[in-house]
Amino acid sequence: MPPVKIRGTQKPKQTKKTILRLISYMGRFKSLWIFVFLFVILSALAEVCGAYLLKPAINNYILPFIGQKTVDVSGFLHLVLTMICVYIVGALSSYCSERILIFISTRTLCNIRKDLFHHMENLPLQFYDSRQHGVLMSLYTNDTDTLREMFSMSVPQLFSTFFQVTGIFIMMVVLSIPLTVLMLVTISLIMILSSQIGKRSGRAFRKQQENIGRVNGYIEELIEGQKVVKLFTREAQANARFDELNEDLRKAGTSAMSYVSVLGPMMNNLSHIQYALTAIAGSFLVIKGFSDVGTIASFLQSTRSFSRPLTQVSQQFNSVLNALAGAERIFGVIDEKIETDDGEITLPEHIQGAFAFKNVNFSYERGVPVLKNISFSVSPGQKIALVGSTGSGKTTITNLLTRFYDIEDDEGEILYDSIPLKKIKKDSLRRSLGMVLQDTHLFTGTIFENIRYGNINATKEQVIEAAKLANAHYFITHLSEGYDTVITGDGTSLSTGQRQLLAIARAAVANPPVLILDEATSSIDTRTEKLIQDGMDSLMNGRTVFLIAHRLSTVRNADEILVLEKGEIIERGNHDALMQKQGRYYDLYTGAFKLE
């Protein structure tokens, strides 16, 4: 098997590129963006007009009314009614723009998830062998969740804030240039301070994301391996390791959330200080005769409308950084090189099933050879057994047969019916191969659907025939719903032997000319093994078979047995010839040397 490397979560390094890529996803909804722009502009204009109407309300009506016993309020009421209508239009426009933005955001997130999943389905097996499954799962859980929060909250707010702040700023310049300069100076100081905190916050959130991936990966690993943990009474060690990882996550989370808790109150208090300074400065302008009360009141309302969205945006800043970190990890996987297929030959319908390995050398890692000068040939219909200790290269041979991994051009050659394996299209090659693995994986669905997974076009009769061939029909018919029994949780309701029988039936229904049985009976008890032996013989009859087995009693009938050690073939022959030779196979079979 290839070595497993645990890689930590990548830190985001290209924020600008990530933002542009997210914009390209959202840019697919061009027609909807037109309506978003119209509604946002309308909402911003309503905000500006509502604040500006304070000036005539105070200067033309409220101040003149002071000290008068009888006043005509009809004009004032008309102005108030106008303000109410303006704010209603603004509220409706804001609602419409946010609803459209939410639709765009959720569709964008849906497209990102779809692209991620579809791309991962096209990645080579090496990608999964070199990464912890929990870290990959966190892409769909934690990272997409941070994107959801950004799209549903931050993006609509950022977009509307831009137009709103722009409109209000123009109005403030019209009202009072000196107060606008004062506001810009104070806002700049606030933004500089918040950006410094934001940098530290970004680092803290990236650290938190990394630790979340590690914790999720460890939890998934331990849940799957609970039997092993309990068997070797490693609960204490498992708890200690989890506590260590969990403590790292707590520290990173505390650091990240500390910045969040500091930034919000700080921005609110600074905005209050800014408001007070503006009011004081405005009062001096009125006293000196450079302005009037209505203008200052309108400007102060605009200041509140200007600083409030900026404060809200700053509070979203951390979640945006968090989401961008997740987005970059997602795009990093989407940018992974997909499994290439340089094959150009489609195998014919009738395949003989002959193989030839010619001086094959292979390494998962450069400088660490796994196979060394492997040469052997397989005639059509032959049953070849691969025997050897763990790490001797047995499974690697099957990985090369299926082209899960490819050998370099100068490292030998594999022929399939005299055709170089690398010239055969991968889909065509794999359709001709049936494979039963030691670790059986069943999908959520009925037993019928799980067997038919090997041949999606198989009829019910063909599925039942395949189950009979694997001797799985008897136990299936004694289940509560028979073939319609629903399997969940990878078939945990079934015994290990029953799950293995279903895997064999799934291979049988595909009716392939070549079978690869990788420890296919290692998880089956002796009684069950005897039960399926006749079915296995029928299944293997007339097919080329590669059989990997630790239980050597299953390879006695093989036409040829290859004994591997440290990536080399050290013995070959049938059972009787190897027993007479009294070499390594003899030692393995008689128990003088145990497989490890």
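Biologist: In β2, which residue is the bridge partner of Glu-365?

Modeller: The model is predicted, so local features need a pLDDT of at least 70 and side-chain atom pairs count only at pLDDT 80 or more, while totals for chains, interfaces and linings use all residues. Residues are numbered from 1 along each chain as its sequence is written, and side-chain values use heavy atoms, with hydrogens and water left out. Strand β1 (residues 355-365) and strand β2 (residues 368-378) run antiparallel and are joined by seven bridges, where strands (E, at least two residues) and helices (H or I, at least four) are DSSP runs numbered from the N terminus, and two strands pair if DSSP finds at least two bridges between them. In β2, the bridge partner of Glu-365 is Val-368.

Biologist: Which residue takes a positive phi in the hairpin of β1 and β2?

Modeller: The hairpin of β1 and β2 has two residues between the strands. The positive phi, near 90°, belongs to Gly-367.

Biologist: What is the phi of Ser-418, a residue other than glycine?

Modeller: Ser-418 is found in the loop between β4 (413-416) and β5 (419-420). With a relative accessible area of 67%, Ser-418 is exposed, a class that means over 50%, whereas buried means under 20% and partly exposed lies in between (1.4 Å probe, protein chains only). The phi of Ser-418 is positive, near 70°.

Biologist: Where does Asn-511 lie?

Modeller: Asn-511 is not a glycine, although it has a positive phi of about 50°. Asn-511 counts as exposed because its relative accessibility is 53%. The place of Asn-511 is the loop between α16 and β9.

Biologist: In what order do the six strands of the open sheet stand?

Modeller: Strands of a sheet pair through backbone hydrogen bonds, either parallel or antiparallel. In this open sheet the pairing is mixed, and the six strands follow the order β6-β9-β10-β3-β11-β12.

Biologist: What is the average twist from one strand to the next in that sheet?

Modeller: The edge strands of the six-stranded sheet are β6 (433-436) and β12 (568-573), each of which pairs on one side only. From one strand to the next, the twist averages 15°.

Biologist: Which residue in β11 does Leu-386 stand opposite?

Modeller: Strand β3 (residues 383-388) and strand β11 (residues 560-565) pair in the parallel sense, with five bridges. In β11, Leu-386 stands opposite Leu-562.

Biologist: At what angle do helices α2 and α3 pack?

Modeller: Two packed helices are described by the angle between their axes and the distance between the axes. Here an axis is a line fitted to C-alpha atoms, for helices over the stretch in contact, and angles run from 0 to 180 degrees between N-to-C directions. The axes of α2 (residues 30-52) and α3 (residues 54-65) are 4 Å apart, and the angle is about 15°. That makes α2 and α3 roughly parallel, because angles under 35 degrees count as roughly parallel, over 145 as roughly antiparallel, 65 to 115 as roughly perpendicular and the rest as oblique, and the value is about 15°.

Biologist: How far does α2 reach from its first C-alpha to its last?

Modeller: Helix α2 has 23 residues, and the buried ones include Trp-33, Val-36 and Val-40. The expected span of a helix is 1.5 Å times one less than its number of residues. For α2 the reach is close to the expected value, at 33 Å.

Biologist: Which residues of α1 meet α4?

Modeller: Helix α1 (residues 15-26) and helix α4 (residues 74-121) pack at an angle of about 110°, with their axes 9 Å apart, which makes α1 roughly perpendicular to α4. On the α4 side the contact, meaning heavy atoms within 4.5 Å, includes Ile-104, Ser-105 and Thr-108. On the α1 side the residues are Leu-22, Tyr-25 and Met-26.

Biologist: Is Thr-278 buried or exposed?

Modeller: Thr-278 is found in helix α9 and touches Leu-179, Leu-182, Phe-299, Leu-300 and Thr-303, not counting residues up to four places away in sequence. The relative accessibility of Thr-278 is 1%, so it counts as buried.

Biologist: Which residues does Tyr-275 touch, not counting those up to four places away in sequence?

Modeller: Tyr-275 also has its place in helix α9 (residues 235-287), and its relative accessible area of 29% makes it partly exposed. With that exclusion, Tyr-275 touches Leu-300 and Arg-304.
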